[in-house]
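Student: I've got this model open and would like a close look at a single part of it. Could you take me through one chain, from its fold to its packing and its contact with the neighbour?

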Amino acid sequence: MNPAMKILFNYFIFPGFLFSASVGLIAGWLDRKISARLQWRKGPPWHQNFTDIIKLLGKETIVPEGARLTFLAAPYLGLLSLVLCATVLGNALFLSGQSFRGDLIVVLYLLVIPAIALIIGASSAANPLASIGVSREMKLLLGYELPFIISLITVVIKSGGVIKLEDILSHQAGFGSNIFSLSGAIAFVVAVLCLQAKLGFVPFDMAEADQEIMGGTLIEYSGLPLAIFKLTKALLLVTGPLFVITLFLGKDIGPLFLLLKFAMLLVIAILIKNTNPRLRIEQALKFFWGPVTVLALLGLIFASLGW
Amino acid sequence: MDFRLKALTKSIWIFHASVGSCNNCDIETLDCFTPRFDLERFGIQLIGSLRHADVLLITGAMNRKAVVRMKRLYEQAPKPCLVVACGTCACSQHMFKESYNVREPLDKILPVDLYIPGCPPKPEAIISGVIKLLNKVKRGK
């Protein structure tokens, strides 16, 4: 296979779009099923999220009056950049020798873009409830990015200053997973809390609160753009946990262990989601900039002391 | 059968609009999503925004102020969008037939696809109505 074909294959099929989207939609089903079982219900069949996407493709797309061009362009921006992120991450995790220097930072940046795409799209929708959602999403983004980056720096310090995902993985293969040290465990807790906000799961879902602001950022979307946002969300449900696994649980990454770790992170997120009420935005911001950042800094200090 | 139509029957998102009801129909509708009945088994979900809706579920007698809003809501929904009249008030005005405040029944205003009578209809009646609606869609509306 020539290199161009290989890149396209990586982007569209194996670690990229097709693979990640399928796994993500099934993970989304797992979320709905476990939530249903926790509420003593039966829950939907496994193909439910695929059906939802296909149905949305067949619906009418409405562009509200006064909406700008970015209303339709933003979903694609979010999806394409997240697919790129899944590809870079998957190359480091599944295929050897594909990682490049600095891809940790590339992944970090690409993980932010879906939230920015949502902000751009919703703010050009000309809807007051959408702008409330946008303002909340923006504040939440500012809130969780700070402790998330600090916990990332902790990992970089622990693995001896490398910013290449494969080196982080090989360091953990040699010295044991990062989570089994004091600073690593603290950074892991911080990263899981930030992941919860990144996924938009319940204590931090104020930007899309269905009951309160009727879908918030997604309120004006219908048909194809909504399907793309749902796909982006599904991809995030794969990329986020995989990134945390790469950083903190990177010792055994054979298929079986990877699946178990992925399921574990997912179940943690779903349990937090089902046992907590929604926070107000200023509570969430206080939470992330207060205790979580202090915890992350503590982890950073411990890591530089070598614990 | 068109596979998009098939996907539609397997994943129906409901927007619940109450136009002057006594809230009994609303409570019974919400009961369908509780553990005993659990309509999410069939992919049926209550959603917040009208733009995501496949079904507009209307409860209550259509009072004069609601008529304008309801028409606007129907126009805002992405097509194909089905309209369900839930409860006797929405079906046939019930005891508000002679009321000064209720001018015309719902089906004179919107194209209603399904009537679920009852005051309030039981969750079982609502579920059986939904099945009839699905069969209607499958036969090709």
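Tutor: Let's start with burial: of the 141 residues in chain B, 38% count as buried. Keep in mind that we're looking at a predicted model. As for secondary structure, chain B has 5 helices and 5 strands, and going along the sequence they come in the pattern α-β-α-β-β-α-β-α-β-α. Chain B is as compact as a globular protein of its length, because its radius of gyration is 14 Å, close to the 14 Å that the globule rule gives for 141 residues.

Now for how the chain folds back on itself. Take the contacts in chain B between residues at least 6 apart in sequence: 82% of them join residues at least 24 apart.

On to the nonpolar packing. The largest nonpolar core has 87 residues, and L89(A), A191(A) and L235(A) have the most contacts inside it. Helix 10 of chain A, residues 224–248, gives the most to this core, with 16 residues. Apart from that core lies another one, of 35 residues, which includes W13(B), V55(B), A66(B) and I126(B).

Last, the place where the two chains meet. Chain B puts 17 residues into the contact, and chain A puts in 27. On the chain B side that touches chain A, the residues split into 7 charged, 5 polar and 5 nonpolar.

Key
Residues numbered from 1 in each chain as written. Chains lettered and ligands numbered in written order. Predicted model: local features only at pLDDT ≥ 70, side-chain atom pairs only at ≥ 80, totals over all residues. Contact = placed C-beta atoms within 7 Å. Nonpolar A, V, L, I, M, F, W, Y, C, P; charged D, E, K, R; others polar. Helix = DSSP H or I, 4+ residues; strand = E, 2+ residues; numbered from the N terminus. Rg over C-alpha atoms; globule rule 2.2 N^0.38 Å. Buried ≥ 20, exposed ≤ 12 C-beta atoms within 10 Å, placed from the backbone. Core = buried A, V, L, I, M, F, W, Y, C linked by C-beta atoms within 7 Å.
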